Amino acid sequence: GIADYQNNPQNHPVTMKIESGGSSDYFMGFNRATGVNIDNDEADDEVTIVQVNGSNGLDYSQSYLRATLRQGETYRISNYKGSGKNLLITAETININANPGFAVVSLNFDNANVNPPTPQPTPLRPTPLPTTSAPTRACGNDVCLASENDVICPADCADVELRTWSNDVGARAAEGIMFTVQAKRPLAITGISSFTQTTDNALTQIYTRPGGYILYADSENGWDLVFDDTIQHNGNSVLTEMPFANNQRVVIPSGAVQSFYIYTPSRLRYREEGTEGQEIQSNESLIFNAGRAIAVTKWDVPGSNVVSPRVLSGILTYDAIESANPATPAPTRNPTQPPTTGPTNQPLTPSPTSPPTNAPTNAPTSAPTSAPTNVPTSAPTNAPTNAPTNAPTAQPTLNPTSSPTLGCGNGFCEADESGDTCPEDCLDLILIPSEVGGNGAYGTMFSVTALERDVEITSINFHASQSAGVQVQVYTRRGSFEGFELTEDGWDLIFDSPITTNGRSDPNVLDGFNVVVPSGETQSFFLYIEGESIRVMYEPLANIEQTPFSNGPLRFDQGIGKMSKFIAGDESLLYSGRILHGQITYNVVNIANVPTPSPTNAPTNTPTNAPTNAPTNAPFNAPTNAPTNAPTNAPTNAPTNVPTNAPINAPTNGPTNAPTNVPTNAPTNVPTNAPTNAPTNIPTNAPTLAPMTGPTPSPTSPPTAKPTFGTAVCGNDICEPTEDSISCPGDCTDIKLAASPDGGSGAEGIMFEVNAVRDVTITSLDFHCATGVSSNVDVEVYSKPGSFDGFEGDVTAWQLIHQDTILTNRRNTPTPLNGFDTSIFVRGGTTHSFYLYTPNKIMYLTPSNLASGELAYNDGNVQLFAGVGVTEVKFSSTSSNIVSPRVFRGSISYDAGSCGNGICD
């Protein structure tokens with residue numbers, strides 16, 4: 001690394017240049033975290049790959065960090081030098097214990113068939129993969145083959161040892177060390193040996209659990225105690241053996257991860273090597289990973305001193321077994337010993353039960369002894385079974401074996417509770433995928449699944465690589481992200497805002513969205529930071545192991561890192577097995593009770609079309625054409641509309657029993673010859689707010705379309721069926737049908753159909769452009785009568801009705817076209833198609849409940865249907881260029897009942 005530039009006796013290269021065939025070459029180095037590099041912000045002791053933007057690296061130019069590699073990780077340069085083939089860069093070995101530290105990197109062009117180096121053998125076992133031909137399949141060759149196990153070949157497969165150190169055992173020590181192992185085949189750990197700091201008799205305990213330990217480091221909850229004894233410690237030169245009893249050996253299925261925690265006040269020797277979770281040693285059956293040390297207290301609690309990475313110096317002993325399917329679903333490794341204060345060598349009962357087998361039954365019997373003791377022991381065993389005996393211990397187990405008492409306020413969101421009925425238990429729940437994050441990329445994708453409950457995602461917290469002002473975006477889609485890693489199609493943008501990140505230590509909160517995930521469904525998210533320097537932090541899967549992970553209603557499934565946003569075909573910028581360092585906040589809801597954010601046909605909470613408390617049939621508090629507060633005794637010269645059965649629209653202060661046959665002056669509106677009923681004998685000075693009969697002041701349910709009224713009133717912001725843009729331009733001109741307000745996906749074009757319920761003239765569109773900043777773009781709008789289906793690639797079927805270069809707003813602010821060059825008249829009951837195109841991409845919604853051609857929005861005059869997106873080319877009938885269904889994001893402007901544009905006929 002650069003920090004060891006002057007400490008390089010073998011004259012190894014510090015930086016290596018990889019020619020790209022152009023001016024944008026790659027440079028590779030080792031980011032050794034020492035000396036001047038001791039305060040790295042990221043990628044400590046990792047291989048870095050940087051690409052320059054021109055100048056061949058010989059002059060000043062912009063550079064980009066393309067990848068950071070841990071040991072065993074690979075970066076791919078696609079189409080290397082225009083060959084159509086890949087160049088693979090792999091960090092084969094990283095050694096920071098040497099002086100100076102170094103990394104061995106291999107470059108492989110087009111998957112060349114090379115002989116891999118022989119893995120470094122452990123002194124106690126032969127190399128698992130010899131460079132010569134495969135060993136003879138015979139027991140006794142010191143290799144436990146896949147066809148062998150500890151029963152048929154104990155010489156090769158029983159009491160096998162994996163040594164966890166190579167040279168020195170380390171000079172430091174701690175009271176506790178946690179680490180993980182991974183089984184390559186079914187096996188059973190039968191003991192652990194370690195070097196200790198002192199030579200003495202001391203308590204030694206070994207805990208284990210399936211999966212990772214990150215979320216279980218603070219207490220013995222979730223752990224099984226498999227070794228608990230006071231033993232002689234042999235110091236730092238002779239191993240101290242800690243063999244498990246036959247009924248306590250730890251069975252690990254093939255591919256599974258198992259955690260161990262060794263604790264003793266005499267302290268255990270360790271080394272500082274690699275990174276936490278990184279593979280340190282392995283053989284044909286088992287992988288041993290770096291872990292962490294707890295120096296002051298037994299568990300990771302406030303006041304403890306937790307340090308990582310730390311590597312136990314010792315030996316793991318195991319048997320390679322035929323199967324790892326213990327009958328007990330989640331047991332301690334065997335039932336506990338008889339619950340006496342100090343267990344004797346023989347059970348207390350005269351007729352004890354048979355010794356437990358290596359694989360226990362599904363649950364111990366209710367009364368394990370034939371005559372249990374009358375009084376429970378004063379202290380429970382350290383590791384009670386999941387199904388305890390009938391006689392309770394003096395203190396309850398740490399994890400209750402039965403469900404807690406049901407009821408709101410008990411800290412559990414029960415099956416019959418939700419955020420509506422029990423907010424204290426079911427709102428603002430938190431799922432933490434990973435509490436650590438040593439790696440990062442510009443973005444991360446992940447999926448979550450709602451387990452048997454409807455949930456609502458309300459915020460995502462993440463850690464960034466450093467503090468800076470950045471633009472953060474969050475996309476989401478229903479279902480898995482697999483197959484959608486490299487395309488924006490299928491994603492909806494739900495968060496797009498500048499923030500100032502807090503750096504690695506403190507999380508950044510992204511909220512303001514509500515993503516509902518129905519029970520049993522999967523939802524994916526893509527968190528991305530715009531720019532080339534700040535990263536979203538995550539932890540590799542090998543360090544977490546606990547996936548899928550859930551805390552009840554919600555499960556975190558999987559994740560990847562992304563070094564680019566959406567670049568088709570560039571899989572080299574994807575890193576699989578990455579777990580978000582942060583948390584997901586959610587509510588448990590009932591979807592039936594969740595209001596639709598953007599209802600399709602229903603009006604808003606205060607619909608413009610619904611009658612107000614003073615419906616339009618009744619005069620307003622200060623009605624036009626209504627009498628003044630002090631009216632004359634005769635009806636006004638200009639009576640209002642035809643009186644209703646109980647008219648109050650045009651009363652007088654003191655009318656006769658019947659209105660005069662002829663008004664005193666010619667009325668502006670012609671009344672009927674005889675009103676249906678006489679006005680009230682003594683009307684009030686001001687009309688009432690609601691008529692005595694007719695519509696109720698507040699309708700019992702929202703109307704599904706525009707309400708009809710006995711009389712059209714121009715100026716009420718409602719274009720009545722009897723009005724049009726000529727008779728009432730204030731109500732019937734420049735009406736907007738608001739389509740989808742949401743939609744994070746986009747393409748160069750979108751085609752959709754509208755159906756005119758009545759005669760309308762489509763005059764303009766407002767749309768959302770995909771550009772992140774305001775910019776000048778070219779826009780074209782085409783139209784055709786009828787459906788677009790079958791005409792996606794036929795330019796001759798379309799009429800160009802608008803063409804312009806406009807200044808767009810940012811993607812979350814609509815951009816108006818300010819009127820078509822040619823407006824389009826659509827006769828009531830007919831369908832017309834529109835096609836909006838711009839090379840800069842148009843945003844749309846990808847609906848989960850609609851197909852192309854199904855009704856999406858309706859305002860009573862115009863109906864909008866789901867359409868299709870058109871990618872890459874302007875007109876294409878190729879299926880790969882057509883994405884469906886898509887709903888236009890924006891609004892449609894129209895005039896009602898007007899054909900004054902010259903093309904009505």
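Me: Which residues have the most contacts inside the largest nonpolar core?
Reply: Phe752, Leu765, Phe767, Leu817, Leu836, Phe888 and Ile892, in a core of 40 residues. Quick caveat: this is a predicted model, where local features need pLDDT of at least 70 and side-chain atom pairs count only at pLDDT 80 or more, while totals for chains, interfaces and linings use all residues. Residues are numbered from 1 along each chain as its sequence is written, and side-chain values use heavy atoms, with hydrogens and water left out.

Me: What makes a set of residues a nonpolar core?
Reply: Buried Ala, Val, Leu, Ile, Met, Phe, Trp, Tyr and Cys residues qualify when they are joined through side-chain atoms within 4.5 Å. Buried means under 20% relative accessible area, exposed means over 50%, and partly exposed is in between (1.4 Å probe, protein chains only).

Me: What does Phe888 touch, leaving out residues up to four places away in sequence?
Reply: Ala739, Ser740, Ile750, Phe752, Leu765, Asp766, Phe767 and Leu836. A contact here takes heavy atoms within 4.5 Å. There's also a second, separate core of 34 residues, with Cys426, Val474, Phe556 and Tyr586 among its members.

Me: How many helices and strands does the protein chain have?
Reply: Four helices and 47 strands. Of the 905 residues, 46% are buried. Among contacts between residues at least 6 apart in sequence, 74% join residues at least 24 apart.

Me: How do you know that β9 and β18 pair?
Reply: DSSP has to find at least two bridges between two strands. Strand β9 (residues 172-183) and strand β18 (residues 291-294) have three, in the antiparallel sense, so they count as paired.

Me: Why is the link of Cys139 and Cys153 called a disulfide?
Reply: The rule wants a pair of cysteine sulfur atoms within 2.5 Å. Theirs are 2.0 Å apart, so the pair passes. With 90 degrees about the S-S bond, this link is right-handed. Both cysteines sit in the loop between β7 (102-109) and α1 (154-157), 14 residues apart.

Me: Is Cys153 called buried or exposed, and why?
Reply: Buried, because its relative accessible area is 1%, under the limit. Cys139, at 45%, is partly exposed.

Me: What about the disulfide of Cys408 and Cys422: how far is it from S to S?
Reply: 2.0 Å, with 95 degrees about the S-S bond, which is right-handed. Cys408 and Cys422 both lie in the loop between β20 (314-320) and α2 (423-426), so the pair ties together parts 14 residues apart in sequence. Cys422 counts as buried because its relative accessibility is 0%, whereas Cys408 is partly exposed at 41%.

Me: Where do Cys413 and Cys426 lie?
Reply: Cys413 is in the loop between β20 and α2, and Cys426 is in helix α2, 13 residues apart. Their S to S distance is 2.0 Å, the link is right-handed at 105 degrees, and both cysteines are buried.

Me: How many disulfides does the count come to?
Reply: Six. Counting bonded cysteines along the chain, the pattern is 1-3, 2-4, 5-7, 6-8, 9-11, 10-12.

Notes: Helices (H or I, at least four residues) and strands (E, at least two) are DSSP runs, numbered from the N terminus.
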